[in-house]
Amino acid sequence: MASENVTILSDENFSDTISEKGEPVLVDFWAEWCGPCKMIAPILDEIADEQAGSVRIAKLNVDDAPDTARQYEVMSIPTMILFKDGEPVKKIVGAKPKAAILGELAEYL
């Protein structure tokens with residue numbers, strides 16, 4: 001079950017969500033058929049709960065929003081992009097353990 005702290009994105013709400021001032025937004029570009037995406041989903045739920053107020057976790061299904069995935073040059077999934085004030089500041093490609101994801105995000109939290 002997904003965390004209530006995870007925002008589900010679409011092409012329609014993507015730009016509004018990532019450009020909100022305040023905490024950075026980590027967007028998980030994923031798809032239903034992607035095994036590694038399913039492996040990191042519970043990790044991202046945990047981060048969403050533990051880091052609420054420091055970082056916001058959002059998910060974008062690339063099958064439902066191919067234009068947005070193309071716009072940010074997402075070539076393989078899972079890809080996570082951290083947005084700060086609407087700008088991409090960090091890209092993490094591939095499934096990684098929780099400690100590695102938090103390590104990548106540390107300077108922004």
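This is a predicted model: local features need pLDDT of at least 70, side-chain atom pairs count only at pLDDT 80 or more; totals for chains, interfaces and linings use all residues.
Biologist: How many disulfides does a search of the whole structure find?

Modeller: The search finds one. The disulfide joins C34 to C37, with an S to S distance of 2.3 Å.

Biologist: What is its handedness, and why?

Modeller: The disulfide is right-handed, because the torsion about the S-S bond of C34 and C37 is about 80 degrees.

Biologist: Are those cysteines buried or exposed?

Modeller: C34 is buried, and C37 is buried as well.

Biologist: Turning to aromatics, how many pairs are found in the whole structure?

Modeller: There are four aromatic pairs. One of them is formed by F14 and Y72, whose ring centres are 5.5 Å apart.

Biologist: How are the planes of F14 and Y72 arranged?

Modeller: The planes stand at 45 degrees, so this pair is tilted. Tilted pairs are those between the stacked limit of under 30 degrees and the edge-to-face limit of over 60.

Biologist: Which parts of the chain does that pair tie together?

Modeller: F14 belongs to helix α1 (residues 14-18), whereas Y72 is in the loop between α3 (66-71) and β4 (79-84), so the pair ties together parts that are 58 residues apart in sequence. Both F14 and Y72 are buried.

Biologist: What other aromatic pair does Y72 form?

Modeller: Y72 also forms a pair with F83, and this one is edge-to-face, with 5.1 Å centre to centre and 85 degrees between the planes. The pair links distant parts of the chain, since F83 is in strand β4 and Y72 in the loop between α3 and β4, eleven residues apart. F83 is buried, like Y72.

Biologist: Which residues make up the aromatic cluster?

Modeller: F14, F29, Y72 and F83 form one cluster.

Biologist: What lies over the face of W30?

Modeller: K59 does, at 5.1 Å from the ring centre. K59 is also among the residues in contact with T7.

Biologist: Where is T7 found?

Modeller: T7 is in strand β1, which covers residues 6-9.

Biologist: Is T7 buried or exposed, and why?

Modeller: T7 counts as buried because its relative accessible area is 19%, and the limit for buried is under 20%.

Biologist: Which residues does T7 contact, leaving aside its neighbours within four places in sequence?

Modeller: T7 is in contact with T17, R56, I57, A58 and K59. To return to K59, this is the residue that lies over the face of W30.

Note on methods
Residues are numbered from 1 along each chain as its sequence is written. Side-chain values use heavy atoms; hydrogens and water are left out. Helices (H or I, at least four residues) and strands (E, at least two) are DSSP runs, numbered from the N terminus. Buried means under 20% relative accessible area, exposed over 50%, partly exposed in between (1.4 Å probe, protein chains only). Contact means heavy atoms within 4.5 Å. A disulfide is a pair of cysteine sulfur atoms within 2.5 Å. Rings of Phe, Tyr and Trp (its six-membered ring) pair if their centres lie within 6.5 Å; planes under 30 degrees apart count as stacked, over 60 as edge-to-face and the rest as tilted. A charge sits over a ring if NZ of Lys or CZ of Arg is within 6 Å of the ring centre and within 35 degrees of the ring normal.
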